[in-house]
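Subject: Structure handover

Hello,

Here is the structure I promised to pass on. Please open it first, then read my notes below.

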Amino acid sequence: MLPVVVPLQMSKHDVSGFVVGLLLAAPLMATAVMIPFLSLFIVWVGLEKAIMISNIGGSISSTLLGIGLCLEDRAAFLAMTTVFLMIFGICFSLNITAENVLLLRYSPKEDRERNIGYFRAATGVGSAFSPVLVSICLLFSDYWLCFLFVAVCLSIATPFIYLNLVYARDTFNKEASRE
């Protein structure tokens, strides 16, 4: 969704293409710097909590990014967009890293490749659906609705994700203790 919405909103603020490129690279740059710390964070808080924290952080940053896109002041707009794009990128990377570790840890060896394939397919379908979501949101409102929609979906899904992760962990631990 970010590659679709951010450049469109940048054009309203008369931002150069170079700055747009830098802003779209902000989540990746933040992730590159934070990746060693994200792994330590996952070990420190645990997989399930790391995924929940990343979803909550993604929800909050998505909401604030949507609000930032509505700002009229160019400097405030660029500052808020940069900060919240970086936070969003870090939360997304934390989520992907923790989910991959979770899949590897709790999947039986014979099911790991299939489960990782399912995960990748779901991620791909979600990415492909992003332009459709943006188009639907733009029919009803401005750009901020796209980010609010993502935030609401993450907020609703997070408790269910957490409960399913805890259930999967407990089931795996029971089966492992039987063997």
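Accessible areas here come from the Shrake-Rupley method with a 1.4 Å probe. By that method the protein exposes about 10,400 Å². Carbon and sulfur atoms supply 71% of that area.

Please keep in mind that this is a predicted model. The average pLDDT of the protein is 78. A score of at least 70 is reached by 93% of the residues. Confidence is lowest in helix H1, residues 2–12, with a mean of 67. It is highest in helix H2, residues 17–45, at 84.

Overall picture

The protein has six helices and zero strands. Along the sequence the pattern reads α-α-α-α-α-α. The C-alpha trace spans about 65 × 35 × 25 Å along its principal axes. There are 179 residues in the protein, and 36% of them are buried. Take the contacts with a separation of 6 or more: residues 24 or more positions apart account for 74% of these.

On charge, the protein carries 11 positive and 12 negative side chains. The centres of the two sets lie 7 Å apart.

Start with Ser-61. It sits in helix H3, which covers residues 47–68. Is Ser-61 buried or exposed? Its relative accessibility is 1%, so Ser-61 counts as buried, the cut-off being under 20%. The side chain of Ser-61 reaches the backbone oxygen of Gly-58 at 3.2 Å. Setting aside neighbours within four places in sequence, Ser-61 is in contact with Phe-84, Ile-87 and Phe-88.

Glu-48 is also found in helix H3. Its relative accessible area is 7%, so Glu-48 is buried. Which residues does Glu-48 touch, not counting those up to four places away in sequence? They are Leu-102, Tyr-106, Tyr-162, Leu-165, Val-166 and Arg-169.

Cys-70 lies in the loop between H3 and helix H4, the latter being 74–106. Relative accessibility is 36% for Cys-70, so this residue counts as partly exposed. That class lies between the buried cut-off, under 20%, and the exposed one, over 50%. Cys-70 and Gln-9 are 61 residues apart in sequence. In space their C-alpha atoms are 8.7 Å apart.

Leu-133 belongs to helix H5, residues 112–140. With a relative accessible area of 11%, Leu-133 is buried. Leu-133 and Phe-149 are 16 residues apart along the chain. How far apart are the C-alpha atoms of Leu-133 and Phe-149, and what is the value in Å? The separation is 9.0 Å.

Asp-170 is placed in helix H6, residues 144–178. At 32% relative accessibility, Asp-170 counts as partly exposed. Asp-170 and Val-83 are 87 residues apart in sequence. From C-alpha to C-alpha, Asp-170 and Val-83 are 37 Å apart in space.

Places to look up

- Ser-61, for the 3.2 Å approach of its side chain to the backbone oxygen of Gly-58.
- Glu-48, for its contacts, among them Tyr-106 and Arg-169.
- Cys-70 and Gln-9, for the 8.7 Å between their C-alpha atoms.
- Helix H1, for the lowest confidence in the protein.

Over to you.

Best wishes

Key
Residues numbered from 1 in each chain as written. Predicted model: local features only at pLDDT ≥ 70, side-chain atom pairs only at ≥ 80, totals over all residues. Heavy atoms only, no water. Helix = DSSP H or I, 4+ residues; strand = E, 2+ residues; numbered from the N terminus. Buried < 20%, exposed > 50% of the residue type's maximum accessible area, 1.4 Å probe, protein only. Contact = heavy atoms within 4.5 Å. Lys, Arg positive; Asp, Glu negative; His and termini not counted. Charge placed at Lys NZ, Arg CZ, Asp CG, Glu CD. Polar contact = N/O pair within 3.5 Å; in protein donor to acceptor, adjacent residues only side chain to side chain. pLDDT = per-residue confidence, 0-100.
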